[in-house]
Amino acid sequence: MTDNPETPGIPEPESIEVPKDSPMIPLRDLVVFPYLVAPISVGRAGSIQALDEAIDGNRKVVLLSQKDSKVEIPTPDDLYRVGTLSIILRMARLENEVRVLAQGLTRVKIVGFIQDEPYYKVELAELPEDKKKGRTVQALMKTVTEQFKRCATMGKNISQEMLMAADGIEEPGMLADMVATNLDLSIDEKQQILETINAEQRLKMVVGFLAKELEVLSISSKIQNQAQVELGKAHREYVLREQLKAIQKELGEGDDKGAEVAEFKEKIDQSSMPDEVRDKAEKELRRLERMHPDSAESSVVRTYLDWLTDLPWELSSEDNLDINHVQKILDEDHYGLDKIKERLLEYLSVKKVKPDMKGPILCFVGPPGTGKTSLGRSIARALGRGFVRSSLGGIRDEAEIRGHRRTYVGALPGRIIQGIRDAGSNNPVFMLDEIDKLGSDFRGDPSSAMLEVLDPEQNFTFSDHYLEVPFNLSKVLFIATANLPDTIPPPLMDRMEVINLSSYTEREKVEIARRHLYPKQLENHGLAARTLKITKSGYQAIVRGYTREAGVRNLERTIATLCRKVAKRIATGKRGPFTITEKNIQEFIGHPTFTGKESYRYDRPGVATGLAWTSVGGEVLFVEARQMMGKNPLTVTGHVGKVMQESAMAALTFIRSNSDELGLAPDFIQDKEVHVHVPAGAIPKDGPSAGITIATALLSLFTGKRVKRSIAMTGEITLSGMVLPIGGLKEKVLAAYRHGIKEVIMPSANESHLEDVPAEVASKMKFYFADDLWDVLAVALEKPIIKASAKAAASRAKTKKKKTTKKKAVKKAKTSAKRTNGDTRKQTRTKTTRKTSRRQPSAPR
């Protein structure tokens, strides 16, 4: 539909009547100048209503440009304050917009905004133009006209009508506006011209813009000429290649090889590989061109070129350095683990200040199921990087890390380069899982190959045997994981920053189950949250009665079992919702696996409770000792290692060498043998920390005094009875807490390590610190053992005290008697003196 009422004649500049107010239409990416006709597409509802208002009135409307074209609904602050009062010549209504042909009349200034709904209506004032025409203005007009024509001759898309119109314009301001409309200027630059009232100043601005335009056109012309020359060379090469194809066709080689070579050449040109690598790739490509397509060597070269062109040599993903965002992601994915989160935030903070810093080499050490691998994925998601995981457990071949040389059939790069290619960037988060389980044999030592990978001073030129060119690994964030650090070679350990992940406490397990495991298992089993609900007491019952582990894998499996039981009930027609509490949980998953009271505690001498640190976290172990007739002094069983056997020998030697102090007969072990057993027998055990436990069990056996059932202990013992510090204290304390043990004996040197024990656990336990075995024996046994020498010293001190007391009493009695006699004599003398004084005067004193 077209609205074209009779168009009034365009008024002359002198006769333009500027109203006090008028509808206004905001324009995007367009500036309309006075006297010039411009087609406009109007799509906003408010702008269409403003057009209708203008059509119904005097057909005049103010066209005002937006500062930012991306703003969909502009406010007064988004609009310039100088626009053009225009008259609508034609208007056509289409399906989704209105097409308008408008002609500018005069510059106007927006004095105020009368309304902004349903369309803009503004109060305006005319900006009268300075039309003085001196010699400077005439010279500027001539310059503008000539430069405008030069632009047309140099390839600028300007119509012949515009050139003729420029020759015929006599008003300087109109000439400047017309030329500005035909130049490639930004909205800000055109608005600047519109807001310039003085015609001379406006012409000077247009001359400057024309000069820039001519310079751009000149450079463009040179580029085009060079392109023509290159095109000529390319045409020649094309002809020659077509002739070569014809020759190859006659020879029966076909066109596939040429297409393949061209594809590789294009990949090499588009790749961002370093010059050294590019030279290698081009050399191999030339070899491929000379080979027959069916030869075995050509297949090797093609595979090699595929690897070179597919690697992200200089392609890096942009890190998300928003600390708050990263903190939020890490907290969403994992509960606790504050040390690791803090370390990552420190790395990002430094990277903000120094963007080219090398990535850290981290090693997460902790029991299974504590979230080491999933934490790597979370770190990659928080940083916005790719994630690669490579399991190193059981690897014994060095080529798995460095790759095979191309001389071998089926050779490929190592796992590091393969992971980088799969990530698609040269700075992914690379998870090296189970690094403590690397092996070695006649094929090499993979841990030695990892030395270069995990050394920031070397890995920027990592050399893979297959590639034979260096690759920069310094931007990769390597994260290794391990259960125990003991099996990691010291040189490899020295290159990594170790961060320990300890066992979870009961409260942490409950929170992890509630926040992460429960929603995950509901989704896996197709259950709605309203169908199955687990109360806090229900979670605590699962943790205490059905799982006893350092991590949360068994906890997740138990919740999965619970979900299956509920799903079965729903499938058999029972209606929910089902609420799991401590009281009804046995109805769903049976009796608890752990009762909270350890059944394996004997009420007899010769049994002591110890604490161990294993690859799966802290554990409670029991040491049994029995004595019988025999010739072998000591037998140790229970799949124990050599170090643990030596600890048992040291404990027995201390007891035998201190038998007098311990109150034992000199021949207490003569013609007898002692058997020490550490159940369970199928589980391997080793380490020196069971020393004081074995010694206490032996002394309990020899003296007949039972060890307290509520106490556990850990510490290494020497031949002189000193108690030395041990490792894994936090894991051991948590294990004791899980088993209901509330008292722990430990070396005094480990007292500072209690800071790592969660406050909620430490507050419910009692700790004893031992410097030597005598300190242990004073606490561990129901009837404490005290040194015989200490007893004798105490007895002598007591006897001496009694004798001293008796002597003092006798002496006191004698002194008292003397004092009594003396007082009697004194009293007699006094009486005598008194009698004498009556007879004669007293002598002078």
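Biologist: Which residues are in contact with Lys341, leaving aside its neighbours within four places in sequence?
Modeller: This is a predicted model, where local features need pLDDT of at least 70 and side-chain atom pairs count only at 80 or more, while totals for chains, interfaces and linings use all residues. Residues are numbered from 1 along each chain as its sequence is written, and side-chain values use heavy atoms, without hydrogens and water. Contact means heavy atoms within 4.5 Å. By that criterion, the partners of Lys341 are Gln327, Leu330, Asp331, His334 and Gly336.

Biologist: Is Lys341 buried or exposed?
Modeller: Lys341 belongs to helix H11, residues 338-353; helices (H or I, at least four residues) and strands (E, at least two) are DSSP runs, numbered from the N terminus. Buried means under 20% relative accessible area, exposed over 50%, and partly exposed in between (1.4 Å probe, protein chains only). Because its relative accessible area is 4%, Lys341 is buried.

Biologist: How many salt bridges does a search of the whole structure find?
Modeller: Side chains of opposite charge can pair when their charged atoms come close. The criterion is a side-chain nitrogen of Lys or Arg within 4 Å of a carboxyl oxygen of Asp or Glu. The search finds 31.

Biologist: How many residues apart in sequence are the parts that Glu72 and Arg28 tie together?
Modeller: The side chains of Glu72 and Arg28 meet in a salt bridge, 3.2 Å from N to O. Glu72 lies in the loop between strands E4 (60-65) and E5 (82-93) and Arg28 in the loop between strands E2 (21-27) and E3 (37-42), so the separation of the parts they tie together is 44 residues.

Biologist: Which helices hold Asp333 and Arg381?
Modeller: Asp333 forms a salt bridge with Arg381, with the closest N and O atoms 2.8 Å apart. The pair ties together parts that are 48 residues apart in sequence, because Asp333 and Arg381 lie in helices H10 (residues 323-333) and H12 (residues 372-383).

Biologist: Is Asp455, the partner of Arg495 in a salt bridge, buried or exposed?
Modeller: The closest N and O atoms of Arg495 and Asp455 are 3.5 Å apart. Arg495 is partly exposed, with a relative accessible area of 24%. Asp455 has 11% relative accessibility and therefore counts as buried.

Biologist: What is the phi of Glu468?
Modeller: Glu468 is linked in a network of salt bridges with Lys280, Glu284, Arg287, Glu297 and Arg406. Glu468 sits in the loop between strand E11 (462-463) and strand E12 (470-471). Although Glu468 is a residue other than glycine, its phi is positive, near 65°.
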